[in-house]
Amino acid sequence: MNTQASHASHGQLVKPTRSNTVFLVLFALGLVAPFAVYPTFLMKALCFGLFASAFNLLLGYVGLLSFGHAAFLGVAGYVCGMMVRDAGVTPELGIVAGTAAAASLGWVFGKLAIRRTGIYFAMITLALAQMVFFLALQMKATGGEDGFQGVPRGHLFGLIDMNNNIAMYYLVFAVFCIGFFVIHRTIHSPFGQILKAIRENEPRAISLGYDVDKFKLIAFVISAALAGMAGATKTLVFQLASLTDVHWHTSGEVVLMTLLGGLATVFGPLAGATVIVTLQNELADKVGSWVTVIMGVIFVLCVLMFRRGIVGELQALVKR
Amino acid sequence: MEVFGIPTALLGSQLLIGLINGSFYAILSLGLAIIFGLLNIINFAHGAQYMMGAFVAWIALTKFGVDYWMALVISPILTGAFGIVLERTMLRKLYKLDHLYGLLLTFGLALIIEGIFRDQYGISGQTYEVPEALSGGVNLGFMFLPIYRGWVVVAALAVCFFTWYMIERTKLGAYLRAGTENSQIVQALGVNVPLLITFTYGYGVALAAFAGVLAAPIFQVSPVMGSNLIIVVFAVVVIGGMGSILGSIVTGLGLGLIEGLTKVIYPEASAVVVFVIMVIVLLVRPAGLFGKS
C-alpha cells in the first residue's frame with residue numbers, strides 16, 4: 001500500500017490551503033444539509049464516515065490492516081445502549097461510555113495483534129472480532145439475534161429533546177467533527193509523522209530508536225475509540241444495536257468504504273462511506289442478495305484498477 | 001460406561017465430530033499454507049471455494065445424477081479450474097503490490113461467489129444423501145460409529161498425506177519449496193515459475209473443494225457454510241504458523257479434538273475455544289507453534 005499512499009499524503013503536505021478551503025465548504029454543507037436531504041440518511045452516512053475515517057487512520061497512515069473493526073463499532077453500540085436504556089444516563093454520556101469501552105477493547109486487541117505483522121495482523125484481528133461476535137450472540141445482555149432494542153434517544157445534557165431528527169442530526173454532526181478533528185490532529189502531529197515513518201519503513205523507525213510497538217498500540221487504541229464513538233452514536237440514531245454491527249461483513253464494509261474513497265486521504269473515507277450507504281439504501285429492496293455481489297464487484301474493481309480511490313484519483317487530477 | 005462422570009458414548013461421538021472438524025481445518029489450512037508459501041497471498045475466498053465444492057457435488061447429483069464417487073473427483077477439478085482462471089485473470093496482477101491487496105481481492109471474490117449462490121439457492125441448506133456404500137454404522141462397544149464419518153477422517157488424512165508426500169518427497173515439490181524460498185532464482189534456473197504458481201493456486205483451491213464434497217453429506221450444503229468456517233481456519237493458521245506442512249495438519253486435527261472435548265465439558269465455550277487458544281499462543285509463542293518467527 002506504500003507507493004500510492006505516499007502520493008496521496010504528499011498532496012496534503014504541499015497544498016494545505018486548498019485542504020482548508022475544502023474543509024470550510026464541507027463544514028458549511030454539513031450545517032445546511034439536513035434541510036435538503038433526509039436527515040436519517042445523512043446521520044447514517046456521517047456515522048459510517050467517522051467509522052471509515054477511524055479505520056483509515058490505521059490502514060492509511062500506519063499501514064495496519066485490521067479486519068476486526070466491527071467489534072469496536074458493535075461493542076460501543078451495545079454499551080451505549082445499555083447505559084442509556086438501562087442505566088438511564090443522558091445520550092452524551094452514553095457516547096462517552098461506548099467510546100471508552102471500544103478504547104479498552106482496542107487496547108486488548110492491539111496488545112495481541114501487534115505481536116504479528118502484515119497478513120497475520122489481519123487474520124488475528126478478524127479472529128478476535130469473531131470471538132466478540134459469538135459472545136454477543138450468546139450473552140443475554142445483548143439480546144442475541146433480536147438485537148438490543150428500544151434505546152431511547154433521550155435529552156442531550158438533560159435539556160434538548162433528541163427525538164427531533166434535526167436536533168439529533170446536529171449531535172451526530174458535532175460528534176463527527178470532533179472525531180474528524182482528532183484524526184486530523186493525530187495525522188498532522190509529530191506523532192503522526194512517526195506513524196508514517198513506521199508505515200514506510202519499520203526497521204528504519206526501530207533503528208532510529210522509536211518504540212514502534214508503543215506507537216502502533218496508541219494508534220490502534222485511537223482508531224478503536226473513534227470507531228466506537230461512531231458505533232455509539234449510530235445506536236442512538238437508530239435506537240438499536242444489533243449483531244450486524246459486530247459481524248465480519250461490517251469489518252469488510254469499512255475496508256471497502258476506505259478503499260473506494262481513497263486510502264490515506266483526509267476526505268476519502270467519508271466519500272466512500274457516503275457512496276456505499278447510498279448504494280445500500282437504493283439497492284436493498286430492489287436487488288435483494290445481489291447487494292453482496294455488487295459490494296464484491298466494487299471491491300475487486302477497486303483492488304485491480306482503482307487503487308487510489310475516488311478522492312485519490314481527484315487529487316491526482318488536480319495535481320496534473 | 002463413564003469417564004470422569006461423562007458417558008463414553010457422548011465423549012466418543014463428540015470427539016469424533018471434533019476429529020471430523022479437525023480434518024476440515026487440516027485440509028483447509030494446508031491449502032492456505034501452500035498458496036501463501038508461493039503466492040504470498042492469503043486466500044480469503046478459500047471458504048467460498050469450499051462451499052463451491054459442496055455445491056458442485058450437490059448440483060451434479062440432483063441435476064445430472066452424478067454419484068458421490070465421481071463428484072469427489074469432478075468437483076475439485078472444476079473448482080480448481082475456476083481457481084486457475086481467477087489466478088490467471090486477476091491475482092496475477094497483484095504480485096508486485098503489497099500482500100494485503102491479495103487478501104482484499106480474494107475477500108471481494110468471496111463476497112461475489114457467496115452472494116450469487118445465496119441468490120440462487122437461498123440461505124437454507126440442501127441435504128446431500130450419504131452414498132449407499134458408506135451408510136449405516138458400526139457398534140464399537142463404547143460408541144456407535146457412522147461409517148461415513150469414519151471415512152471422512154480417513155479420506156482427509158489420506159489427502160493430507162498425499163499432499164505432504166508430493167511437496168516433501170517429489171521433484172515437483174522440490175521446485176515448489178525452492179520457489180517458496182526464492183522464486184527469482186528458481187526462475188533463473190529455468191523453471192516456469194508463473195505456471196508453477198498457477199497450478200499451486202489451482203491445487204489449493206481443489207483441496208478446499210475436496211473438503212467441501214466430504215462435508216456435503218455431514219453438514220447441510222448452504223451458501224454460508226464456508227464463511228464462518230474460514231475464520232476459524234484463519235485462527236488455526238495463526239496458531240500453527242504457516243511454515244510447516246505437517247504443522248498445519250497436526251494443528252488442525254488437534255484443535256478439532258479440543259473443540260469436540262469443549263462441547264462435552266462446557267458447550268457454551270465451544271464456539272470460541274479456538275480463538276481463546278489463539279490468544280494464549282499469541283501471548284506465549286507469538287510466531288505460532290510451528291512458525292519460523
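**Exercise 1. What percentage of the 320 residues of chain A count as buried?**

Keep in mind that you're working with a predicted model. Then go through the overall build of chain A.

- Step 1: take the burial count. Of the 320 residues, 52% come out as buried.
- Step 2: list the secondary structure. Chain A has 15 helices and two strands.
- Step 3: check the overall dimensions. Chain A has a radius of gyration of 19 Å, close to the 20 Å from the globule rule for 320 residues, so chain A is as compact as a globular protein of that length. Along the principal axes, its C-alpha atoms fill a box of roughly 50 × 45 × 40 Å.
- Step 4: look at the contacts in chain A between residues at least 6 apart in sequence. Of these, 78% join residues at least 24 apart.

**Exercise 2. Work out how helices α12 and α15 of chain A are arranged.**

- Step 1: get the geometry. α12(A), residues 248–261, packs with α15(A), residues 309–319, at an angle of about 10°, and the axes are 3 Å apart.
- Step 2: classify the angle. Anything under 35 degrees counts as roughly parallel, so α12(A) is roughly parallel to α15(A).
- Step 3: find who touches whom. A:Leu259, A:Leu260 and A:Gly261 of α12(A) meet A:Gly309, A:Ile310 and A:Val311 of α15(A).
- Step 4: sort that contact by class. You get four nonpolar residues, two polar and no charged ones.

**Exercise 3. Describe helix α14 of chain A and find what its buried residues pack against.**

- Step 1: pick out the buried positions. They are A:Thr292, A:Met295, A:Gly296, A:Ile298, A:Phe299, A:Val300, A:Cys302 and A:Val303.
- Step 2: find the partners. The buried residues of α14(A) pack against α12 and α15 of chain A, together with α4 of chain B.

**Exercise 4. Is A:Asp146 buried or exposed?**

- Step 1: locate the residue. A:Asp146 sits in the loop between α6 (118–138) and β1 (155–156) of chain A.
- Step 2: apply the cut-off. A residue with 12 or fewer neighbours is exposed; A:Asp146 has 10 C-beta neighbours inside 10 Å, so it counts as exposed.

Definitions and conventions. Residues are numbered from 1 along each chain as its sequence is written. Chains are lettered from A and ligands numbered from 1 in the order in which they are written. This is a predicted model: local features need pLDDT of at least 70, side-chain atom pairs count only at pLDDT 80 or more; totals for chains, interfaces and linings use all residues. Axes are lines fitted to C-alpha atoms, for helices over the stretch in contact, and angles run from 0 to 180 degrees between N-to-C directions. Helices (H or I, at least four residues) and strands (E, at least two) are DSSP runs, numbered from the N terminus. Angles under 35 degrees count as roughly parallel, over 145 as roughly antiparallel, 65 to 115 as roughly perpendicular and the rest as oblique. Two residues are in contact if their C-beta atoms, placed from the backbone, lie within 7 Å. Ala, Val, Leu, Ile, Met, Phe, Trp, Tyr, Cys and Pro count as nonpolar, Asp, Glu, Lys and Arg as charged, and the others, Gly among them, as polar. A residue is buried if 20 or more other C-beta atoms lie within 10 Å of its own, exposed if 12 or fewer, and partly exposed in between; C-beta atoms are placed from the backbone. The radius of gyration is taken over C-alpha atoms; the globule rule is 2.2 Å times the number of residues to the power 0.38.
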